[in-house]
Amino acid sequence: MELKELESAIEAILFAAGDPVGVERICLALEVDRGTVDAVCQRLADWYSYERRGIRLLRLEDAYH
């Protein structure tokens, strides 16, 4: 899966869930390793902050919200 596809998939999972989603659940759903999920989520969080978006991506121990 390409980077943009991963970003979109993670955004969709987190938006649809509405509650924090465990990193391992995201890994299983997208068939990628934890390091990749963490890197993509950090990239998304940085992008949201840089673009001054109206949402934030939060890391809560072993989950994202």
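Axes here are lines fitted to C-alpha atoms, for helices over the stretch in contact, and angles run from 0 to 180 degrees between N-to-C directions. This is a predicted model, in which local features need pLDDT of at least 70, side-chain atom pairs count only at pLDDT 80 or more, and totals for chains, interfaces and linings use all residues. Residues are numbered from 1 along each chain as its sequence is written, and side-chain values use heavy atoms, with hydrogens and water left out.

**View 1. Let us start with the whole fold.**
The protein has 3 helices and 3 strands, which follow the order α-β-α-α-β-β from the N terminus. Helices (H or I, at least four residues) and strands (E, at least two) are DSSP runs, numbered from the N terminus. The radius of gyration (taken over C-alpha atoms) is 11 Å, close to the 11 Å that the globule rule (2.2 Å times the number of residues to the power 0.38) gives for 65 residues, so the protein is as compact as a globular protein of that length.

**View 2. Here α2 meets α3.**
Helix α2 (residues 23–30) packs with α3 at about 105°, and their axes are 9 Å apart. That makes the two helices α2 and α3 roughly perpendicular (65 to 115 degrees). Contact means heavy atoms within 4.5 Å: α2 brings V23, E24, I26 and C27, while α3 brings R34, V37 and D38. By class, this contact of α2 with α3 has 4 nonpolar, no polar and 3 charged residues. Ala, Val, Leu, Ile, Met, Phe, Trp, Tyr, Cys and Pro count as nonpolar, Asp, Glu, Lys and Arg as charged, and the others, Gly among them, as polar.

**View 3. Now look at α1 against α3.**
The axes of α1 and α3 come within 10 Å and cross at roughly 80°, and α1 and α3 are therefore roughly perpendicular to each other. From α1, the contact uses L3, L6, E7, I10 and E11; from α3, T36, V37, V40, C41, R43, L44 and Y48. These residues divide into 8 nonpolar, 1 polar and 3 charged.

**View 4. Finally, peek into the largest pocket.**
A pocket is an open set of points on a 1 Å grid over the protein atoms alone, where a 1.4 Å probe fits, with protein on both sides within 12 Å along at least five of seven lines; lining residues have an atom within 4 Å of a point. Among the lining residues are I10, E11, L14 and F15, along with L44, Y48 and H65. Helix α1 (3–17) and helix α3 (34–50) each give two or more residues to this lining, and α1 supplies the largest share, 4 residues.

Definitions and conventions:
Parallel < 35°, antiparallel > 145°, perpendicular 65-115°, else oblique.
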